[in-house]
Amino acid sequence: MDSIRIATRKSPLALWQTEHVAARLREAHPRLEVELVPMSTRGDDVLDRSLAAIGGKGLFLKELELAMLRGEADCAVHSLKDVPMDLDPPFALSAILERADPADAFISNTYASLQALPHGARVGTSSLRRQAQLRALRPDLVLLDLRGNVNTRLAKLDAGEYDAIVLACAGLLRLGFGSRIRLRLAAPDWLPAPAQGAIAVECRADDAATQALFSVLDHAPTRTCVEAERAMNRALHGSCHVPVAAYAELHGARLHLAGLVGSASDGRAVRSSAEAAADAGEALGQRLATELLAMGAGEFL
């Protein structure tokens with residue numbers, strides 16, 4: 001192949017991630033011509049309702065997948081946390097890049113931490129996972145929906161619509177907003193979305209040439225961790241409709257996985273952790289999901 005077309009959403013973060021992948025690809029294959037194909041998706045266009053209400057994070061993928069099927073693009077770049085647990089049959093993840101900071105970020109112009117917020121403070125997040133963990137820690141807070149790209153969400157905070165908001169550290173760091181992070185909300189006390197911080201490249205499963213081009217960008221330790229997290233989520237039938245959190249870490253030849261299923265309405269949650277050999281991530285994720293269900297997770301799902 002002498003050229004490749006990468007489909008991407010048009011948001012600043014999606015474009016940054018795709019440019020990052022394109023730059024890595026050009027480094028690995030200096031003669032390759034790389035073209036970006038920016039597209040609008042329904043997930044980007046409908047901002048007056050929650051993602052869960054309009055069909056979930058898969059909305060960010062569908063138009064990009066159709067572009068690949070129509071032959072308008074060879075592959076697509078996604079935040080892996082937005083990718084459904086099971087891809088439609090003609091597609092595969094040809095590369096998962098090294099993960100950035102997986103933590104969430106507490107952002108406020110006035111308050112230094114979650115604990116410092118006054119009673120009844122307004123906190124913006126549309127993530128049910130974040131809402132469940134916020135309610136568990138601070139049941140007095142008023143949780144409000146927050147949609148739009150990173151720049152839009154920060155602008156709403158700056159306009160005084162919220163006392164604080166919660167976003168992913170990775171997106172803020174990638175866009176140069178690291179200084180806005182007042183506090184990292186991190187494991188083990190606070191768990192991220194499965195695969196948060198990881199970028200994935202999706203292509204057609206029958207397109208061996210494109211898969212081969214991207215194979216050099218695949219980061220095996222990241223893939224090991226995020227596949228365990230996604231296996232847990234898959235076994236729980238998790239989506240953006242349910243508050244599921246998971247975080248895996250490699251310690252030598254051992255893989256440690258922590259998981260949480262909670263209630264966004266009242267903050268009740270079950271959490272557990274387990275470990276296994278590093279090459280048994282899929283089974284580890286399934287085992288932890290079974291354990292969480294035995295502890296009562298089904299009530300929240």
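This report covers a strand, its partners, a helix and the cysteines of a predicted model.

Local features need pLDDT of at least 70, side-chain atom pairs count only at pLDDT 80 or more, and totals for chains, interfaces and linings use all residues. Residues are numbered from 1 along each chain as its sequence is written, and side-chain values use heavy atoms, without hydrogens or water.

**Strand S3**

Helices (H or I, at least four residues) and strands (E, at least two) are DSSP runs, numbered from the N terminus. Buried means under 20% relative accessible area, exposed over 50%, partly exposed in between (1.4 Å probe, protein chains only). S3 spans residues 75–79, and five of its five residues are buried. Cys-75, Val-77 and Ser-79 point one way, while Ala-76 and His-78 point the other way.

Two strands pair if DSSP finds at least two bridges between them.

| Partner strand | Sense | Bridges | Residue pair |
|---|---|---|---|
| S1 (residues 3–9) | parallel | two | Ile-6 with Cys-75 |

**Helix H1**

Buried residues of H1 include Leu-13, Val-21 and Leu-25.

**Cysteines**

A disulfide is a pair of cysteine sulfur atoms within 2.5 Å. The structure holds zero. For Cys-75, the nearest cysteine sulfur is that of Cys-203, 7.0 Å away. Cys-75 counts as buried because its relative accessibility is 0%.
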